[in-house]
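Hello,

Here is the structure for you to look through. My notes on it follow below.

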Amino acid sequence: MSYPTLAVAVVMERMQLDNRWQSEQWAPIGVIADSSQPGSPPRVLRQDDRSAQWLHPGFKLELFHDEAEGYYLNLASPQPFVFVNWLDEDGKVAPRLVTVSYNEAARQMDGGARVDGVPMPGEWVAWLAEYVEKHYRPEAKKKRIRPPSFKGALRDS
């Protein structure tokens, strides 16, 4: 079941490198609230001969009840992040997905995706903390059952 959503945009930055094997490097550097329509094209925010920043609008940051533990783990870290799954194919860079779940980001990385974290805006931290407070319930610790082979065993002193 889906819960609250935020309309967001991803800011990607291209930096020129002085490197014989790689001429430039791309990375997500931020996320912002955005009211652009889904499918809106990316646009240049700033550009010079050394770097460029592009805004990629039209993403939805959705919260799901079954990801509450991942949200909790993100908030429990020293710096909460928004995780951006993005592609760089033949010089064309595009964010694919945005999440605030630590577990979802880990699953994506385990699947071979490129995922980078950007600091979560402060107002989003409060929004996510409220959601976690309402929906996250840690699993009860289960008592470990000792195998029969350990019961009644005599130990050397």
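In helix α1 (residues 68-76), the buried residues are Ala68, Gly70, Tyr71 and Asn74; buried means under 20% relative accessible area, with a 1.4 Å probe and protein chains only. These residues lie on the same side of α1, because the arc they cover around the axis is only 160°, taken from the directions from the helix axis to the C-beta atoms. Their cover includes β4 (51-64), β5 (81-89), α2 (102-110) and α3 (122-135).

This is a predicted model, in which local features need pLDDT of at least 70 and side-chain atom pairs count only at pLDDT 80 or more, while totals for chains, interfaces and linings use all residues. Residues are numbered from 1 along each chain as its sequence is written, and side-chain values use heavy atoms, leaving out hydrogens and water.

As for the whole protein chain, it has three helices and seven strands, which are DSSP runs (helices H or I, at least four residues; strands E, at least two). Their order from the N terminus is β-β-β-β-α-β-β-α-β-α. The chain is more spread out than a compact globule, because its radius of gyration is 21 Å, well over the 15 Å that the globule rule gives for 157 residues. That radius is taken over C-alpha atoms, and the rule is 2.2 Å times the number of residues to the power 0.38. Along its principal axes, the C-alpha trace spans about 75 × 40 × 25 Å.

Of the 157 residues of the protein chain, 31% count as buried.

Regards

Methods: Buried < 20%, exposed > 50% of the residue type's maximum accessible area, 1.4 Å probe, protein only. Contact = heavy atoms within 4.5 Å.
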